[in-house]
Amino acid sequence: PYVHFGVGCDGCGAFPIRGAAFRCLDCPDAVGFDLCAECRGSSLVVSGRFDQGHTSNHRVVEREQVRTWLHELQAANPQLGVHEVLDIALA
């Protein structure tokens, strides 16, 4: 599945989000509000891990799956896990 490097789920805390990811258009951009597909499909009401004040009437859209240099690094090193790719990128 696609990896949204640098994007974490404000519902379950998954980081980075793998697969579909959703972002809120109404929560402040400074912190933002993102959900993984599982949390997005859940009936739980999530206001945000950082008190973003997200509500169920906010507009939420699916994030684009843009290929970045981190995805190229991951493709070139398929034996590495996501966090190992991040470690190389941050070294």
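Guide: In what follows, contact means heavy atoms within 4.5 Å. This is a predicted model, in which local features need pLDDT of at least 70 and side-chain atom pairs count only at pLDDT 80 or more, while totals for chains, interfaces and linings use all residues. Residues are numbered from 1 along each chain as its sequence is written, and side-chain values use heavy atoms, with hydrogens and water left out.

Visitor: Which residues does R23 touch, not counting residues up to four places away in sequence?

Guide: R23 is found in strand β3 (residues 21-24), a strand being a DSSP run of E with at least two residues, numbered from the N terminus. R23 has a relative accessible area of 33%, and it is therefore partly exposed, between buried (under 20%) and exposed (over 50%) with a 1.4 Å probe and protein chains only. Leaving out residues up to four places away in sequence, R23 touches F33, D34, R59, V60, V61 and R63.

Visitor: How many disulfides does a search of the whole structure find?

Guide: A disulfide is counted where a pair of cysteine sulfur atoms lies within 2.5 Å. C9 is buried at 0% relative accessibility, and its sulfur is 3.7 Å from the closest cysteine sulfur, in C39, too far for a bond. For C12, the closest cysteine sulfur is in C9 at 3.8 Å, again too far for a bond. The search of the whole structure finds 0 disulfides.

Visitor: How far apart in space are R23 and R40, C-alpha to C-alpha?

Guide: In sequence, R23 and R40 are 17 residues apart. In space, their C-alpha to C-alpha separation is 9.8 Å.

Note on methods. Helix = DSSP H or I, 4+ residues; strand = E, 2+ residues; numbered from the N terminus.
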